[in-house]
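Subject: Structure handover and notes

Dear colleague,

Please find the structure below, with the sequence. My notes come after it.

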Amino acid sequence: MKKIISLFFSMMASVAMIINATAPKDYYAPCEGKTGEALLTALNALVGPHTNVGYDKLWTVYKTSDIDENGKIWDMYSTKRWNPGSEQCGNYSSVGDCYNREHSFPKSWFDDKAPMVSDAFHIYPTDGKVNGQRSNYPFGECANGTTLSSSGGVKALGKLGKSTFSGYSGTVFEPDDAYKGDFARTYFYMAAAYKDKISSWSSDMLAGNSYPAYKPWAVNLLLKWHRQDEVSDKEINRNEVVYGYQSNRNPFIDHPELVEYIWGNKVGEAWYANGAPTPTLALPVDNSTVDFGMAATNYTVSRAIEVKGSDLTSAVTLSISGAGFKLQKTTLTASAVNAGTTISVSFNTATAGIATGVLTLSSDEVNAKVNLTAEAISGIPALPAISVTETSFTARWTSLGDAETYELIVKQGGVVLVGYPVTVNAEFEEYDVTGLNPETEYSYMLTSDTRESNEVKVTTSSLVPDVQYLNGSEFEFATESDEASEAIEVWLDVENIANALTISVSAPFAVSTDMTNWTQRVEIAPEEDRFYLRVNGVAAGEYSTTITITDGSYINDEGMATATVRDMSTPWFVEDFEKAGEGKYDAYSAQTFVGNPCDWKLTDAGIWSSDDSYEGDYALRFGKTASSAMESLIAKTGGVGKVSFYAERWSSSDGNMTLQVEYLPEGASSWVAAGEVVVSADTYALYEVAVNVAGNNYIRLRQTAGKRGMIDAIVVTDYRESSIDGVLDDTLTEWDSYCLNKSLVIVNHGKAANYKVYNVDGKTVGAAKLQGGQYTISLPTGLYIVTDGTNSRRVVVK
C-alpha cells in the first residue's frame, strides 16, 4: 500500500476575471429615445438608487472588483500589485508601502456625505503615498508636473503640477495615460448617479448645476480622456462586480457612446442601446451547408434545420432545388421566425451517387441560401467513426431495417483483426471497437445477407505524454527568515514518457530527491513518482516560483509554490492610536477608527486628545457600560502569538476594568476567549495574554466588567512555530527511503519497523530491522519497492 498524503500543502484560490459582461436585457430601455439633459435625467433615475455597501466593506469589494489575472489588487496610482487584505494602510512613508481607499471624486467636494462617501464606483484601491500627493486637487493635465520617487522597484503613476490644459490654471493631478478614460467615465457616472445632488457640491471642476454639471474646461478634458482611452476589460470586470454589491451600474462602461449623446458631438440625437432595430435572419447562416452524409438508395433521411430571426414583420417563403430533396413546409410566419422554429428537409433517391441542392429562404426583408449535399449508396451506409482514442473508436452505420443483425468487419493493413467479424444489432447503429494500437490506421465495413457497406478508415490517436500532481499542484510555505523550511514531499503520476524528467524551480526554493542535496534543478526517472520541495534560508519577504517539469519536449508548468518568510525579531502589528489626529473620534459610539495596522470597529469607545496616554498624544477610552469593545476589521496574517497592551482605570471611582482578549479565525463565526486581565491601577501598567494560534485571525478586546478605562500601545506578535503549517505525512515522519550515492537508503526516525526491499520481479533483495538509524544497500540500477508491511515507497537506484 502506498500512503500518499500531502506534506504541508493547500490549494490557492484563483480569481477568474469577468470580461465581456453586459447589463441585463432591457436594463437601459427607459433611457432609449432621449438625448442631452433628458437622457442624463433618465440615467439618474436608473443608476442613482443603489445599495450603500458602507465604507468598511469597500475592502471586501476590492477583493473581486480590482483583481488582476494573478489575484493581486490592481493599483492605478502605482505599478505595485497588492496582496488583498494584507497590505492596507497603515502608516506609509514611500511609494509601495501600502494601499488605501481613494475617492477619485474627492469627498470634500460633497462634504463627506452618504451615499457618495462609500460609492465603490468612484473609490479605488490606490497607493497611499500617491493618494496623499493627489489630495483633493482636480484631475487635469500638467506638462511639467512632479511624479513621486520610486521605491523598492515600485514606480508612482501620475504627477502633480500647474494645469496646462486650456481653461484652467490651478494645481491639478494628472493620472497615468492608461487610466485617464477610467477616471473620465467615473466622473460621468457621478454626474448621472447624483444629478439630483451635484449642483450643491463645490469644486473648481463643477459648474454648480445639474447639467452639464462640469465647467466647460472640465467637460472638454473628460471628453478628451474618454475618447483617447477606450473601455478596458478591467473596467468591464469592475462594473460587473460592483453591480453585484450595489445593484447599479456605470452606464458609460456598458455604453461608452452615451457620453457623446449627453456632452459630446451627438447631443440632440436620440440614443438607442442597439441602434434602430433592423430585421435580421440569424439562422440558418447564409451560404452555409447542411450535409446529409451517407444514405442508402430508396431510403429517406431527414434533417431538422433551425430558423431564427429578429424584428421581422413579413412572412418568409421557403423553396428547394436539387433531385431527391423535399421540404415539409413552404411558408413561415414572421412571429414564428422571430420566436425560433425548425423546418424538416428530407432526401431520398433511387440513384447511387452524390446529390446537391439549395434551400432558399426569402421575404421582403431578409434572404438566405443553404447548400445541401448527400451521398447515396446501394448498400449499408457506414458512417465516420466517433470517440476515437489511443486504443479504441466507435464504428457507426445507418440501419436500413432490412435485417436484425449486421456483420462488422474490422481490418488493419488489409488483414481482418482477431475476433472479427462480429455480429452486431443493426438497430443499435454503433459498436465500440477496443484493444487497438495507438497511431494505427484501421478500416471497417458491414455486411448483411443481401447488402454490404462502404469502407470507413480511421486512425487511432497518439499517446499523450502527461504528468499529474497527486497531492495538489500549489504549495504554500510559512517560515522564519534565514531558516530553511520543512520539506514537502510531492507525488507525481507520469504517463507515456520514456525520457528522464527535469524538475526546476527558482531561488529561494529548492528541490531534492534525497532531502540531502538541495538545488534548483533535479532529474528523476519516469518511473520515479516523487521529489521534495522546500524554501532555503532567505530574508523576510513574499516569494513564489513556478515548478517546471520537462523531458525536453513535453512541459508541465502547472505547479506553483509560494512562501511567506517573516522576520520574527520585531512585531509588525502595533496600534498606538496616533492616527486619531487625522479624524474625529471624540464620542462614545459605534464607529470605525482608521488605525495603524488596520481599521478597528469601536463599540462604546472613543479617543480624546485631552486624555492621558501611555506614549504619544492619543489613547483609547472605554465607556461606562461595561460593554465597550474594539475589534480588528481585517484578519491578521501570520497567526497570533501574544497580545500585549498598556491600560489604566479612568479614575478610582470607575472601579476595576475587566478585559477579555479574544480571537476569531478567518471564516469562523464564533469568537474564542484567549485570556482575561483585570485593570486595577490608576497608572498605566503592562498586560499580556498568550494566544498562540496559527492562521489568519481577527482580534478583539472586550470589556466585561467595570466602567471607564484607558488602553494604549497594543502589540500583537506573530505565532511562532518550528515548521510550516500543515499535517505531516505519517509515513515520512516515521521513515523514508531514497537513492543516495548510487545506493538505496532506508532512514528510520525512531519507531521500530521491519523493512523489505523487492526488485521488479518480486524478489527480496534486502531487509532490515530498524529503530532509529539507517540501512544502506548497494544495488544494480533499477526500480525497487521498499515496504514496512503497511506502507511502501518506490525508489529508483541510478
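The notes below cover cysteines, salt bridges, a charged patch and some backbone features.

This is a predicted model, in which local features need pLDDT of at least 70 and side-chain atom pairs count only at pLDDT 80 or more, while totals for chains, interfaces and linings use all residues. Residues are numbered from 1 along each chain as its sequence is written, and side-chain values use heavy atoms, with hydrogens and water left out.

Cysteines

The structure holds 1 disulfide, a disulfide being a pair of cysteine sulfur atoms within 2.5 Å. The bond is between cysteine 89 and cysteine 98, with an S to S distance of 2.0 Å. The link of cysteine 89 and cysteine 98 is right-handed, with 95° about the S-S bond.

For burial I use relative accessible area: buried is under 20%, exposed is over 50%, and partly exposed is in between (1.4 Å probe, protein chains only). Cysteine 89 has a relative accessible area of 6% and is therefore buried. Cysteine 98 is buried too, at 3% relative accessibility. Cysteine 598 is in no disulfide, and the nearest cysteine sulfur, that of cysteine 89, is 13 Å away. At 1% relative accessibility, cysteine 598 counts as buried. Cysteine 142 is at 0% relative accessibility, so it counts as buried.

Salt bridges

A salt bridge here is a side-chain nitrogen of Lys or Arg within 4 Å of a carboxyl oxygen of Asp or Glu. By this rule there are 30 salt bridges. Strands are named below as DSSP runs (E, at least two residues; helices are H or I, at least four), numbered from the N terminus.

Aspartate 736 and arginine 530 form one of them, with the closest N and O atoms 3.2 Å apart. This pair links distant parts of the chain: aspartate 736 is in strand E44 (residues 735–740) and arginine 530 in strand E30 (residues 530–535), 206 residues apart. Both aspartate 736 and arginine 530 are buried. They also belong to a network of salt bridges that links Glu489, Asp529, Arg530, Asp736, Arg793 and Arg794.

Glutamate 662 forms a salt bridge with arginine 700, where the closest N and O atoms are 2.7 Å apart. Glutamate 662 and arginine 700 are both buried.

Lysine 584 and aspartate 586 form another salt bridge, with the closest N and O atoms 3.6 Å apart. Lysine 584 is exposed, at 68% relative accessibility, and aspartate 586 is partly exposed, at 36%.

Charged patch

Glu404, Glu427, Glu429, Glu430 and Asp432 form a negative surface patch. Patches are made of residues with over 30% relative accessible area and no salt bridge, and like charges are joined within 9 Å (for nonpolar side chains, Val, Leu, Ile, Met, Phe, Trp and Tyr, within 5 Å). Glutamate 427 sits in the loop between strand E20 (422–425) and strand E21 (430–433). Its relative accessibility is 66%, so glutamate 427 counts as exposed.

The peptide bond from alanine 114 to proline 115 is cis, with omega near 0°. Proline 115 is in the loop between E3 and E4. Aspartate 112 lies in the loop between E3 and E4; its phi is near 60°, a positive value in a residue other than glycine. Aspartate 112 counts as partly exposed at 42% relative accessibility.

Methionine 116 is placed in the loop between strand E3 (99–103) and strand E4 (123–127), and at 2% relative accessibility methionine 116 counts as buried. Methionine 116 and asparagine 52 are 64 residues apart in sequence, and their C-alpha atoms are 8.7 Å apart in space.

A cis peptide bond also joins tyrosine 420 and proline 421, with omega about 5°. Proline 421 is in the loop between strand E19 (415–416) and E20. Asparagine 496 is not a glycine but has a positive phi of about 60°. Asparagine 496 is in the loop between strand E26 (488–495) and strand E27 (501–504), and at 39% relative accessibility asparagine 496 counts as partly exposed.

Regards

Terms used. Areas by Shrake-Rupley, 256 points an atom, 1.4 Å probe, with all protein chains shown as cover. Lys, Arg positive; Asp, Glu negative; His and termini not counted. Charge placed at Lys NZ, Arg CZ, Asp CG, Glu CD.
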